[in-house]
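Please keep the sequence and the model in view while reading.

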Amino acid sequence: MMSNTLALSPSSPTDLPIGEPTAADDALSSDGSNAMETHISFHPTTEELEEDDFKENCSSRTLVARNQAKKAKRVRFLRNGDRFFKGVVMPVAAERYRSFDSLLSDLTRALEHSVTLPSGVRTIYTMDGRKVQSIDQLDDGKEYLCSGPGETFKRVDYSNNNGTLGKKKPNAVPGGGDRPRSGGTSRSGIPEFVRPRILTLVRNGTRPRKVVRLLINRRNAPSMDHVLSCITEAVKLDTGAARKVFSQSGVQVTQFEEFFGEDDVFFVYGSERYSQEDFELDEEEYKSIQSQRKGAMWNRGGNGRVSAPGGIMPKMPGKTKAAKSQSEAVSGTTDPNIPSAINTKYLVLETIGDGNFAQVRRCVDRSSGREFALKIIEKSRCRGKEHMIESEVDILRKVRHPNIVRLFAEHDEPEQLYLVMELVKGGDLFDAIATATKFNEWDSSIMIRNLASALCYLHSLSIVHRDIKPENLLVEVDGHGVHTLKVGDFGLAQKVTEPLFSVCGTPTYVAPEILAETGYGLKIDVWAAGVILYILLCGFPPFVSTTNDQEELFTRILAARFAFTSPYWDDISDSAKDLVAHMLQPVPELRLSAEDVLDHPWLALVELKCLESIVEEVYFMVIHRWGCKVLLVDSFSWFNFVASWVWNLYSKFARLFSL
């Protein structure tokens, strides 16, 4: 039988963390997640226990401004005739460029150090050679060619350009910025055509032959010798090293760049003889290869109706954290196992979470009566991982944001570390999804706004979370639905000063650039938030493996193609689908930032519809409850009056609480 192998894939189920230990194993937030720590001083103060008056600087613009402003188009500009230049990505909006000439001037400044344009940019062509005459003709997410005066359109193959849409950029910088260079070789000496690619390898042997999948990228395949070494390790020929590789047409691969061309199926040989008949696939081999290709070919788009495979709704992956413990409360007594410094200040009550490395208990401040979550980390269980908890607590000390679980005090003992943290009573988002299956657009918009606001704040400090998932998001709910969402569990969080390469996170939510090992930055958090938004609106993830196969899941994520599946997405607005598609953009440079998400029209549109429903309720309440005689002929002007009053009131609250 055929077997499939992915070089980066561990063999664990899709609901388990990958790479280095995730926050599910290493850090326990206030809802019961795991954590590790060591050697931290105790310095609680009364001021720290006061309510946080922090106002979110990343989302201070009012909803009115967001609704009126047009979203900037993200456009990549290449050099006409230069098939190696990766281009620059620029936001283009009518508010920024009052004329087409001002855009040309800005492009000239942006390209002057990267390409040769003695007289500057004078003409912009589409990829099929049509002249662009105005800013309105530029489309979001597309690529265009910049030319000097008198230059004609040059029809060149730009496929070697690593900036092409849908391909990962090897030299990513933190946050997805550009690092344009001309020429066919990067500063590291690796050819520019090298990009993340999954090869399908047919191993020489008895039919049906073994089919192996191999991910190659700049890290493991910077040269022809490296590729052959990776192929040797993946296919494991009986005769030893892979010495000859052929395309499906029977042509031997002799040039490094041929692995990055149109062919993706290759036949691998050692020192054995071969014949032309070997390059013909039998029925079982063909079906195996085709099934693997289909696994990475889900159609993207919000307008088409794509039915669920077999008519069955895909399922959510299993929870990666331990369920909450339901221990009985220790009412009014002092726990002898808790240090006196903690017992004196807090009444420690029931356990609300228990994990491999830590336990979380509810506690009450004896003087104020305020409730907190006390995280108790067992140091003996964290040997060798102390640096992760040190990093987590160091970050928690620095951050102050309404949508981030707050650390109030620390107490260090020889065997345990005690963290007094904010208590969020609603539980985590995973349990909320399990209960509700999916949420309406209003509740989803509240949660995504809160999440994007927290990420915007973290990213402004160059901090990447790296494990955004429902288990690490705590929610507060009331009788009217979701009230607020807070980010917790910073066990994998890290300050970004250069591209990161360590493979970590949770498979369902991991970004393609992490799997491709091309270097990643802050925008992996936005990808994970996009996956969560997709789940909130329909009840299941955009990338799933029907057989619980992690390799298949990674293939789908690397292909970055998904469907708005019918009937689950039939009633979802096009604006919501647009936001999902832009958050799950595979090219980090073209993916929305957290601040862009806050400015997306869908967030303002959903809130405006909610206000309309509130006004309608007030209108009918006035008529039926108070018996007021409101003439229908005047209802429209009365509606506008109330709508204006409610909107102004809402805007004041929005500015006050940074909603």
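Asp489 is buried, its relative accessible area being 3%; here buried means under 20% relative accessible area, exposed means over 50%, and partly exposed lies in between, as computed with a 1.4 Å probe on protein chains only. Although Asp489 is not a glycine, its phi is positive, at about 60 degrees. Asp489 is placed in the loop between strand 18 (481-487) and strand 19 (494-495). Strands are DSSP runs of E with at least two residues, helices are DSSP runs of H or I with at least four residues, and both are numbered from the N terminus.

The model is predicted: local features need pLDDT of at least 70, side-chain atom pairs count only at pLDDT 80 or more, and totals for chains, interfaces and linings use all residues. Residues are numbered from 1 along each chain as its sequence is written, and side-chain values use heavy atoms, with hydrogens and water left out.

A positive phi, of about 55 degrees, is also found at Lys236, which is not a glycine. Lys236 counts as exposed, with 57% relative accessibility. The loop that holds Lys236 runs between helix 4 (224-235) and strand 8 (244-247).

Arg207 and Pro208 are joined by a cis peptide bond with an omega of about -5 degrees. Pro208 belongs to the loop between strand 6 (197-203) and strand 7 (211-216). Ser566 and Pro567 are likewise linked by a cis peptide bond, where omega is about 5 degrees. Pro567 lies in the loop between strand 21 (565-566) and helix 13 (574-583).
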